[in-house]
Amino acid sequence: PTNTAPTPYWNQPRMSWRARLSRQVQELRFRFCDTAPESAGIRAFLEENYSDLKALNPRLSFLIRDDPGVAPVMYARYDFGEEKAVKLDNRSAEEVERELQRLCELGSTMPRSRESVPKDFDVIQTFDSNPEDPEFFTSVGAVRSGER
């Protein structure tokens, strides 16, 4: 048997929009019922993905509220107070993920305030090339020193 290593995180296709989430959206809010079957998809999505999304976007505000009898809704707040809401009644976890991706991509088309433009380089931003490439660490050093 051959020993296959897991795919590195920088080569996983799901990662790109997930890592950009905090650059496109100022805040995410999730409201749902903790027992209703209509909210099963959003609950499953959050259970499976919250820790990864938060690890990739530590500065992004995630507000999660489970209220009895509330229809499941996801809100994205962008710059200048612009908000978009998506109703998630009877959606699967995969459909919730697709809606979140759509909201993230929508954020790239929204006007940006000066406050939301990044002023420093975080780890995810500097990983624009493959860390197994010998030139990688040179390019990361150039980005940090402002030479790039």
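**View 1. An open sheet of 4 strands in the order 2-1-3-4, with mixed pairing.** In this predicted model, local features need pLDDT of at least 70 and side-chain atom pairs count only at pLDDT 80 or more, whereas totals for chains, interfaces and linings use all residues. Residues are numbered from 1 along each chain as its sequence is written, and side-chain values use heavy atoms, with hydrogens and water left out. Strands (E, at least two residues) and helices (H or I, at least four) are DSSP runs numbered from the N terminus, and two strands pair if DSSP finds at least two bridges between them. Strand 2 (61–66) and strand 4 (83–87) stand at the edges with a single partner strand each, so one side of each is left without a neighbour in the sheet. On average, neighbouring strands of this sheet are turned by 15° against each other, direction ignored.

**View 2. Strand 1 beside strand 3, with helix 2 packed on the sheet.** Strand 1 (residues 27–32) and strand 3 (residues 73–77) run antiparallel and are joined by 5 bridges; F30 has M74 in strand 3 as its bridge partner. Helix 2 (residues 40–56) touches strand 1, strand 2 and strand 3, where contact means heavy atoms within 4.5 Å. The direction of helix 2 makes about 155° with that of strand 1, the axes being lines fitted to C-alpha atoms, for helices over the stretch in contact, and the angles running from 0 to 180 degrees between N-to-C directions.

**View 3. The hairpin of strand 3 and strand 4.** These two strands pair in the antiparallel sense over 5 bridges, and V73 stands opposite K87 in strand 4. The hairpin has 5 residues between the strands, and in this hairpin F80 takes a positive phi near 60°.

**View 4. The sheet in the setting of the chain, which holds 5 helices and 4 strands.** Along the sequence, the pattern reads α-β-α-β-β-β-α-α-α. Of the 148 residues in the chain, 34% are buried, meaning under 20% relative accessible area with a 1.4 Å probe, protein chains only.

Note on methods:
Buried means under 20% relative accessible area, exposed over 50%, partly exposed in between (1.4 Å probe, protein chains only).
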